[in-house]
Amino acid sequence: MTYAEIRYEVAERIATVTLNRPAKMNAFTHVMRDELIDAFGRADADDEVRAVIVTGAGRAYCAGADLSAGTSTFDYAKREGLTAQTHRDGGGMVSLRIFEMKKPVIAAVNGAAVGIGATMLLPMDVRLASTDARFGFVFARRGIVPEACSSWFLPRVVGIGQALEWTLSGRVFGAEEAKAGGLVSRVVSPEELMPAARALAKEIADNTAPVAVALARQMMWRMLGADHPMEAHKVDSRGIFTMGASPDVAEGIAAFKEKRAPRFPMRAGTDMPAFYPWWKERPFK
């Protein structure tokens with residue numbers, strides 16, 4: 001796919017996805033939706049990519065949905081002839097694709113992240129913010145509900161009380177409040193944002209095993225919906241048993257003992273263990 005509203009670049013085993021409508025503050029469109037889904041799939045399928053960074057061009061990260069259609073922006077029956085049974089939220093489609101990733105995704109929030117600009121951050125694994133960043137779950141102020149699966153993600157990321165305060169008020173808040181509330185893990189100066197994101201991505205790329213990272217990422221996210229720690233114990237046990245005999249573990253131990261950087265041979269694209277994806281198993285045949 002040729003991209004019109006995002007940029008996709010790979011360097012040092014890091015894919016950088018840049019929302020690229022700076023004149024429109026990177027407002028979200030159906031074109032951007034499709035391009036983001038394609039870009040995440042592309043990064044996931046490329047074994048040379050070990051981590052993904054998402055940021056925005058210009059002064060905004062993403063200022064929300066493109067409202068150029070005016071009052072019919074969210075009237076999908078009028079605009080597209082859809083029904084409640086056939087419509088799929090575009091932000092949710094992006095969030096679900098991020099959720100399925102084998103590669104870690106790092107958000108580098110450089111400016112305004114409002115509406116879908118805020119909710120698309122939630123399934124990303126680490127969120128870093130510039131001091132210029134502003135966040136807003138502004139849906140109630142537009143008469144609409146939160147989207148992009150945020151009713152599932154946001155309480156799990158920041159807790160139900162904080163999630164409700166931000167969504168019920170719909171107010172815009174700064175990077176320090178986002179950090180205090182657990183939405184972002186670090187706030188840095190604008191000039192430090194991308195170097196900090198790249199340093200974290202490079203640490204992952206240089207020192208960790210791709211299959212172990214893919215498994216750990218999915219284990220953590222999937223267990224958020226488990227109803228008992230026994231579910232985690234089952235998956236942990238299978239993972240330890242299977243990976244314990246793998247060439248990656250042999251290499252990891254050898255590299256540690258020899259005090260050198262590891263050279264893990266397994267690839268997430270081809271060498272995932274047989275029990276992956278465990279959540280799609282059926283208990284009865």
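This is a predicted model: local features need pLDDT of at least 70, side-chain atom pairs count only at pLDDT 80 or more; totals for chains, interfaces and linings use all residues.
Q: What does the radius of gyration say about the protein chain?
A: The radius of gyration, taken over C-alpha atoms, is set against a globule rule of 2.2 Å times the number of residues to the power 0.38. For 285 residues a compact globule would have a value near 19 Å, and the protein chain has 20 Å, which agrees. Along the principal axes, the C-alpha atoms fill a box of roughly 60 × 50 × 40 Å.

Q: And how much of the protein chain counts as buried?
A: With buried meaning under 20% relative accessible area, exposed over 50% and partly exposed in between (1.4 Å probe, protein chains only), 47% of the 285 residues count as buried. The accessible surface, from the Shrake-Rupley method with a 1.4 Å probe and, for residues, only the protein chains shown as cover, comes to about 14200 Å², of which 57% belongs to carbon and sulfur atoms.

Q: What share of the contacts comes from residues 24 or more positions apart?
A: Where contact means heavy atoms within 4.5 Å, such residues account for 72% of the contacts in the protein chain with a separation of 6 or more.

Q: Switching to aromatics, how many pairs does a search of the whole structure find?
A: There are 14 aromatic pairs, counting rings of Phe, Tyr and Trp (its six-membered ring) whose centres lie within 6.5 Å, with planes under 30 degrees apart called stacked, over 60 edge-to-face and the rest tilted. One of the pairs is Phe 99 with Trp 221, which is edge-to-face at 6.3 Å centre to centre and 70 degrees between the planes.

Q: Where in the chain do Phe 99 and Trp 221 lie?
A: This pair links distant parts of the chain, with Phe 99 in helix α3 (residues 90-99) and Trp 221 in helix α9 (residues 210-223), 122 residues apart.

Q: Is Phe 99 buried or exposed, and what about Trp 221?
A: Phe 99 is buried, because its relative accessible area is 10%, and Trp 221 counts as buried at 10% relative accessibility.

Q: Which aromatic pair does Phe 153 form?
A: Phe 153 forms an edge-to-face pair with Trp 221, 5.4 Å centre to centre and with 80 degrees between the planes. Here too distant parts of the chain are linked, since Phe 153 lies in helix α5 (residues 150-158) and Trp 221 in helix α9, 68 residues apart. Phe 153 is buried, with a relative accessible area of 2%.

Q: Which residues do ring pairs link into a cluster?
A: Phe 99, Trp 152, Phe 153 and Trp 221 are linked in this way.

Q: What about Ser 150, where is its place?
A: Ser 150 is in helix α5 and counts as buried at 5% relative accessibility. Not counting residues up to four places away in sequence, Ser 150 touches Thr 119, Leu 122 and Pro 155.

Q: Which ring does the charged end of Arg 222 sit over?
A: The charged end of Arg 222 sits over the ring of Trp 279, 3.6 Å from its centre; the criterion is NZ of Lys or CZ of Arg within 6 Å of the ring centre and within 35 degrees of the ring normal.

Q: How many salt bridges does the structure hold?
A: The structure holds 14 salt bridges, each being a side-chain nitrogen of Lys or Arg within 4 Å of a carboxyl oxygen of Asp or Glu. Among them, Asp 206 pairs with Lys 202, with the closest N and O atoms 2.6 Å apart. These two are 4 residues apart in helix α8 (residues 190-207), so about one helical turn separates them. Asp 206 is partly exposed at 31% relative accessible area, and Lys 202 is partly exposed at 33%.

Q: Which salt bridge does Lys 234 form?
A: Lys 234 bridges to Glu 231, the closest N and O atoms being 3.4 Å apart. Lys 234 and Glu 231 are 3 residues apart in helix α10 (residues 229-244), and about one helical turn separates them.

Q: And which residues are linked in a network of salt bridges?
A: The network links Glu 5, Arg 21 and Asp 66.

How values were computed. Residues are numbered from 1 along each chain as its sequence is written. Side-chain values use heavy atoms; hydrogens and water are left out.
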